[in-house]
Amino acid sequence: MSLFNVFNISGSALHAQTVRLNTTASNLANAEAASSSVGGTYRARQPVFQTVLYGGGVGDESSAGVGVADIVESEAPLRKEYRPEHPLADEDGYVFLPNVNPVDEFANMISASRSYQSSIEVVDASKQMLLRTLALGE
């Protein structure tokens, strides 16, 4: 495997973790978005990752990376709270709230940011190795 493939692999991981951080931020931003109906209520979203193969042709080196296959909505039940004074309350006085668990989302955010940081460190280490290899020719 070429050292240059490391940049493709790490770059794909950086992109995937950026998508993960963005969906987590969206979930947290909508955690208290009330609705008057089940259909109009925000549902937590999570990215689904997949392996992406690069190269692999005859005589080519192949490597793998990570890609985002889809962003799926959670099937967990929505929260239903009795708030008769709320302007979006239904005829029974209930509002529907998203199925977002802030504790899970913060844990997901920490995990994604650490994965992002690890990928940055891989890119930096690879860059340093390439620079040292070039310095050997001096």
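His 86 touches Ala 34 and Val 95, where a touch or contact means heavy atoms within 4.5 Å and residues up to four places away in sequence are not counted. The place of His 86 is the loop between strand S3 (79-82) and strand S4 (94-97); helices (H or I, at least four residues) and strands (E, at least two) are DSSP runs, numbered from the N terminus. With a relative accessible area of 23%, His 86 is partly exposed, given that buried means under 20% relative accessible area, exposed over 50%, and partly exposed in between (1.4 Å probe, protein chains only). From C-alpha to C-alpha, His 86 and Gln 46 are 29 Å apart in space, and 40 residues apart in sequence.

This is a predicted model, in which local features need pLDDT of at least 70 and side-chain atom pairs count only at pLDDT 80 or more, while totals for chains, interfaces and linings use all residues. Residues are numbered from 1 along each chain as its sequence is written, and side-chain values use heavy atoms, with hydrogens and water left out.

**The chain as a whole**

The chain has 2 helices and 4 strands, and from the N terminus on these elements run in the order α-β-β-β-β-α. The radius of gyration of the chain, taken over C-alpha atoms, is 22 Å, whereas a compact globule of 138 residues would have one near 14 Å, by the rule of 2.2 Å times the number of residues to the power 0.38. Along its principal axes, the C-alpha trace of the chain spans about 80 × 30 × 15 Å. Of the 138 residues of the chain, 26% count as buried. Among the contacts between residues at least 6 apart in sequence, 62% join residues at least 24 apart.

**The two helices**

Two packed helices are described by the angle between their axes and the distance between the axes. The axes of H1 and H2 come within 9 Å and cross at roughly 160 degrees, the axes being lines fitted to C-alpha atoms, for helices over the stretch in contact, with angles running from 0 to 180 degrees between N-to-C directions. H1 and H2 are therefore roughly antiparallel to each other, since angles under 35 degrees count as roughly parallel, over 145 as roughly antiparallel, 65 to 115 as roughly perpendicular and the rest as oblique. The crossing of H1 and H2 is left-handed, that is, the near helix is turned anticlockwise from the far one by less than a right angle, clockwise being right-handed. The residues of the contact of H1 with H2 divide into 18 nonpolar, 11 polar and 3 charged; Ala, Val, Leu, Ile, Met, Phe, Trp, Tyr, Cys and Pro count as nonpolar, Asp, Glu, Lys and Arg as charged, and the others, Gly among them, as polar.

**Residues in the helices**

Asn 27 lies in helix H1 (residues 3-29) and is buried, with a relative accessible area of 0%. Beyond residues up to four places away in sequence, Asn 27 touches Tyr 42, Arg 43, Ala 44, Arg 45, Gln 46, Val 100 and Glu 105. Ala 25 is also placed in helix H1, and at 39% relative accessibility it counts as partly exposed.

In helix H2 (residues 102-135) is Ser 113, which is partly exposed, with a relative accessible area of 35%. Gln 117 is likewise found in helix H2 and is partly exposed, with a relative accessible area of 46%.

The table lists C-alpha separations for pairs that include these residues.

| Pair | Separation in sequence | C-alpha to C-alpha distance |
|---|---|---|
| Ser 113 and Val 6 | 107 residues | 19 Å |
| Gln 117 and Leu 14 | 103 residues | 8.7 Å |
| Ala 25 and Phe 106 | 81 residues | 9.2 Å |
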